[in-house]
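Subject: Structure handover

Hello,

Here is the model for you to open. My notes follow below it.

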Amino acid sequence: MNAKYKFWNLIVLILLISPTVYYSQTPNIILIYADDLGYGDISSYGGSIPTPHIDALTKNGLKFTNAYASSATCTPSRYSMLTGEYAWRKKGTGVAPGDANSLILPGRTTLPGVLQKAGYKTAVVGKWHLGLGEEQTINWNKEIKPGPLEIGFDYAFILPATGDRVPTVFLENRHVVALDPKDPIKVNYHRNLDDNPTGAENPEQLQIMYSHGHNQSIINGISRIGYMTGGKEARWRDEDIADILVNKSIRFIEDNKDFPFFLYLSTHDIHVPRVPHERFVGTTGKGPRGDVIIQLDYTVGAIQKKLQNLGMEENTLIIFTSDNGPVLDDGYLDGAAERLGDHNPFGGLRGGKYSSYEAGTRVPFIVQWMGKIDANSESSALISQVDFLRSFASATGQNIPDSVAIDSQNQWETLIGVQTEGRKSLVQQAIRNVLSFVEGDYKYIEPYSGPAIVPWGVDIETGFKEEPQLYNIKEDPGETKNLAFEMPEKMVKMKQELNRIRNS
Ligand code: NG6
Ligand code: CA
């Protein structure tokens, strides 16, 4: 055999085996994205409600203490996470109504799209809340697109928006599940349809009373945001949502166990309405908000058990985190505040969901990859969920052009605990697009004249002040001492840097 022939044989051999080697090194990825779960809500972050399965992730893996969702509400956090671009850059990405159109359109570089390109099978199971379709009025009785399948997911089983918004039905890929064509669904966000009962007019029909908003169509004894008629067979029973999402996730894992896969399991828990399955009712003595934390922990446990049974724990990376911080009364009188007892969802941080203060966006964040990430490790590196896109692109050997996913940074080594530095800085977004800037130990909150407390009846400080705020969040994580006037140069530098990023 001549040398040249040998050389080409070797190249062909390398090309043939490299995909196998490559796939055996790239783990499956399961992103468990909880809803409204606070920094202090799980026991490994100091919560008093026992969450043994979630805690097992910290025991087996890496717990982050300075990790952030990019926004203090759901839609913008998810938009940023899936596109790698801060949501405040694009208009109309605030909390989406249940009949909103797709906020992420085909052609965008997305987190699932990047993994799909790398040969992953990709799925979203659970809460979507990023809009659907492009016709002004969505026809829920037909094929609905664009949606998750058009932006990089191979499979979707979703709640279109949130549990408290109509339509209260699941979509599998592009269709409403279990829809009877003789009972079509109609949705309206402005006026009631067919004189259906509403929370405002028929409170006697409610199993949970609303406190603010949420007084429109009654479904399953719970009044919602928006009006809906039809689709009786397709409507979910809130008590069953967690189990259904677990079952769909497990089916996807089983079906794809021989491929690398990406599962975005976006739980409904612990968002309102908090309606645990009967078997979890009363398990904490802290009311429904406590009980749905146990239900969330069960969800994590069910996924862990499946991976164990399939012998997949070592080739699966699990990330567990939350889309924004905690809230107690978010529109229903479910005793969340009254029955809290010694449990502190805020974990010593100020503010909460919706807020510029830390509890709005600093969230639990745990990564488990057995055999690769040190067990029981902890990282204080600064990291944002907006970084997933470039981090996974890097882990799967892909180059992403600079012109897209502009806010995402490759933090792969931080995610797996090899690097301890993380980001230098990041931007946080509160309601009304008020921005804060975290750099090193400091945080700057831009001045904004707006209400000091979330104005629609939520007992949380917005963080809005007419003067600038500067905190040392390392020494003063509760943001009690405004240093803006003591350290004017630092404050101005951070303000300038935030404006530079905003205008970039
Ligand atoms: C608010 C809702 C709140 C919740 C939130 C979205 C009212 C009065 N309040 O507008 O209950 O649905 O939107 O939550 O309607 S999120 O986690 O999806 O961002
Ligand atoms: Ca949320």
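Start with one helix pair: the crossing of α5 and α6 is right-handed. Contact here means C-beta atoms, placed from the backbone, within 7 Å. By class, this α5–α6 contact has 6 nonpolar, 3 polar and 1 charged residues. (Nonpolar covers Ala, Val, Leu, Ile, Met, Phe, Trp, Tyr, Cys and Pro; charged covers Asp, Glu, Lys and Arg; the others, Gly among them, are polar.)

A word on the source. This is a predicted model, so local features need pLDDT of at least 70 and side-chain atom pairs count only at pLDDT 80 or more, while totals for chains, interfaces and linings use all residues. Residues are numbered from 1 along each chain as its sequence is written, and chains are lettered from A and ligands numbered from 1 in the order in which they are written.

Back to the helices. α5 spans residues 241-255 and α6 spans residues 287-309. (Helices are DSSP runs of H or I, at least four residues; strands are runs of E, at least two; both are numbered from the N terminus.) Their axes come within 10 Å and cross at roughly 20°. That makes α5 roughly parallel to α6. (Under 35 degrees is roughly parallel, over 145 roughly antiparallel, 65 to 115 roughly perpendicular, and the rest oblique. Axes are lines fitted to C-alpha atoms, for helices over the stretch in contact, and angles run from 0 to 180 degrees between N-to-C directions.)

α6 also meets α2, residues 52-60. Those axes come within 7 Å and cross at roughly 55°. α2 and α6 are therefore oblique to each other. Pro52, His53, Ile54 and Ala56 of α2 touch Asp297, Val300, Gly301 and Gln304 of α6. This contact has 4 nonpolar, 3 polar and 1 charged residues.

Next, the ligand. Ligand 1 has 17 residues around it, and Thr73, Cys74, Gly213, Asp330 and Gly331 come nearest. (A residue counts if its C-beta atom, placed from the backbone, lies within 6 Å.) The shell has 5 nonpolar, 8 polar and 4 charged residues.

Some backbone details to check:

- Lys145 and Pro146 are joined by a cis peptide bond, omega about 0°. Pro146 is in the loop between β4 (121-127) and β5 (155-159).
- Asp269 to Ile270 is also cis, with omega near 10°. Ile270 is in the loop between β12 (261-266) and α6.
- Arg432 is not a glycine, yet has a positive phi of about 60°. Arg432 is in the loop between β17 (425-429) and β18 (435-439).

Best wishes

Methods: Left-handed = near helix turned anticlockwise from the far one by under 90°. Contact = placed C-beta atoms within 7 Å.
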